[in-house]
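These are my notebook entries on a structure that I had not examined before. I set down what I looked up, in the order in which I looked.

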Amino acid sequence: MSANLNLVRSIYADWEHGDFSRTDWADPEIEYVIADGPDPVSATGLENAAAAWRGVMSGWEELRAEADEYRCLDDERVLVLFRRGGRGKRSGLEVAQIGSKGAQLFHLRDGRVTTLVWYWDRDRALADLGLAPEGE
């Protein structure tokens, strides 16, 4: 599990600085899912996942993700509870104004992320995974 956790931490090291350019961690056939939020999406394959991510990024300035907690759920899954930062390009709204606490579920196999599920709503992620909401 520690190798998977270390990989996810290395991904977040870049994301916390707003650098989302690195993809060496992703399986070529990665499944990328945004489960909720303004524009839910599902894409398969690195090229399609990158296009979906560019769609997300296009609406934001200075978007970044800062990990609050890492949880190894089992040998193949790492859950990251995170806070978003950034500002809407058109609205000028800070992410915090629409909810800044999210979660991402990384499925890993053989040193690569095979599925990445992004939740804008942290409580929904915890509920989908059968985990207790924060504060309980």
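Entry 1: terms and source. I take contact to mean heavy atoms within 4.5 Å. The model is a predicted one, in which local features need pLDDT of at least 70 and side-chain atom pairs count only at pLDDT 80 or more, while totals for chains, interfaces and linings use all residues. Residues are numbered from 1 along each chain as its sequence is written, and side-chain values use heavy atoms, with hydrogens and water left out.

Entry 2: tyrosine 12. I asked which residues tyrosine 12 is in contact with, leaving aside neighbours within four places in sequence. They are Ala65, Glu66, Ala67, Tyr70, Val80, Phe82, Gln104 and Phe106. I then looked up its accessibility: tyrosine 12 has a relative accessible area of 0% and is buried. Here buried means under 20% relative accessible area, exposed over 50%, and partly exposed in between, with a 1.4 Å probe and protein chains only.

Entry 3: the chain as a whole. I counted elements as DSSP runs numbered from the N terminus, helices being H or I of at least four residues and strands E of at least two. The protein chain has 3 helices and 6 strands, in the order α-β-β-α-β-β-β-β-α along the sequence. Of its 136 residues, 40% are buried. Among contacts between residues at least 6 apart in sequence, 54% join residues at least 24 apart. The chain exposes about 7200 Å², of which carbon and sulfur atoms supply 46%; the areas come from the Shrake-Rupley method with a 1.4 Å probe, and for residues only the protein chains shown count as cover.

Entry 4: the cores. A nonpolar core is a set of buried Ala, Val, Leu, Ile, Met, Phe, Trp, Tyr and Cys residues joined through side-chain atoms within 4.5 Å. In soluble globular proteins, nonpolar side chains tend to be buried together. Which members of the largest core touch the most other members? In this core of 29 residues they are Tyr12, Trp15, Trp25, Phe106 and Val113. Elements that each supply at least two of its residues include helix H1 (2-15), helix H2 (46-57), strand S1 (26-34) and strand S6 (112-119). H1 gives the most, with 6 residues. I noted another core apart from this one, of 10 residues, including Ala35, Leu79, Ala125 and Leu126.

Entry 5: aromatic rings. Rings of Phe, Tyr and Trp (its six-membered ring) pair if their centres lie within 6.5 Å; planes under 30 degrees apart count as stacked, over 60 as edge-to-face, and the rest as tilted. I found 9 such pairs in the structure. Tyrosine 12 and phenylalanine 82 form a tilted pair, 6.3 Å centre to centre with 55 degrees between the planes. This pair links helix H1 and strand S4, its two residues being 70 residues apart. Phenylalanine 82 is itself buried, at 1% relative accessible area. With tryptophan 118, phenylalanine 82 forms an edge-to-face pair, 6.1 Å centre to centre and 85 degrees between the planes. Because phenylalanine 82 lies in S4 and tryptophan 118 in S6, that pair ties together parts that are 36 residues apart in sequence. Tryptophan 118 is also buried, at 4% relative accessibility.

Entry 6: strand pairing. Two strands pair if DSSP finds at least two bridges between them. S1 and S2 (residues 41-44) run antiparallel and are joined by 4 bridges. They form a hairpin with 6 residues between them, and glycine 37 in the turn has a positive phi of about 90 degrees. S1 also pairs with S6, in the parallel sense over 5 bridges. S5 and S6 run antiparallel, with 7 bridges; leucine 108 has valine 113 as its bridge partner. In their hairpin, with 2 residues between the strands, aspartate 110 takes a positive phi near 55 degrees. I also recorded that 7 of the 8 residues of S6 are buried.

Entry 7: glutamate 16. Where is glutamate 16 placed? It is in the loop between H1 and S1, and it is partly exposed at 30% relative accessible area. Not counting residues up to four places away in sequence, glutamate 16 touches Arg64, Ala65, Glu66 and Ala67. Its side chain reaches the backbone nitrogen of alanine 67 at 3.0 Å.

Definitions and conventions:
Polar contact = N/O pair within 3.5 Å; in protein donor to acceptor, adjacent residues only side chain to side chain.
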